[in-house]
Amino acid sequence: MEATESEESPISAEPDYVLHLYITGATPNSTRAVRNIKEICEQYLKGRYELLIVDIYQQPNLAQREQIIAAPTLIKRHPLPVRRLVGDLSQREQVLAALQLPLLPNPDGANE
């Protein structure tokens, strides 16, 4: 499974954030990681991000090139510095800190 999400960006515009998420099929941890990073991106980076989701079972060469040893793994490529996060990304405060994003109040109380 490979998907790229870019929210209404002009063709020549570079996204502010470039994220690559490496998952292992439709396992519970991978499913949670995809859901969690999409929620974070839509809440904090709407229209300013590119998210590439790579299933390492289907594209093992990409996982090998990136030296992925555990999944799910999120790699923040841009802005620098490059950061790697391993796990289902459910600890929102830690994910936001790694992405260098401020913690915003969540009115519906969905912070996990």
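1. Leu-74 is in contact (heavy atoms within 4.5 Å) with Leu-19, His-20, Leu-21, Ile-37, Arg-83, Arg-84, Leu-85, Leu-89 and Leu-99, where residues up to four places away in sequence are not counted. The model is a predicted one, in which local features need pLDDT of at least 70 and side-chain atom pairs count only at pLDDT 80 or more, while totals for chains, interfaces and linings use all residues. Residues are numbered from 1 along each chain as its sequence is written, and side-chain values use heavy atoms, with hydrogens and water left out.

2. Leu-74 is also listed with Leu-21, Ile-37, Leu-89 and Leu-99 as having the most contacts inside the largest nonpolar core, which has 22 residues. Such a core is a set of buried Ala, Val, Leu, Ile, Met, Phe, Trp, Tyr and Cys residues joined through side-chain atoms within 4.5 Å. Two or more residues of this core come from each of strand E2 (17-23), helix H1 (28-44), strand E3 (49-55) and helix H3 (92-98). H1 gives the largest share, 6 residues.

3. Another core, of 8 residues, lies apart from this one and includes Leu-52, Ile-56, Ile-68 and Ile-75.

4. The chain has 3 helices and 5 strands, in the order β-β-α-β-α-β-β-α from the N terminus. Helices (H or I, at least four residues) and strands (E, at least two) are DSSP runs, numbered from the N terminus.

5. Among contacts in the chain with a separation of 6 or more, 67% join residues 24 or more positions apart.

6. Of the 112 residues, 39% are buried, that is, under 20% relative accessible area with a 1.4 Å probe, protein chains only.

Definitions and conventions:
Buried < 20%, exposed > 50% of the residue type's maximum accessible area, 1.4 Å probe, protein only.
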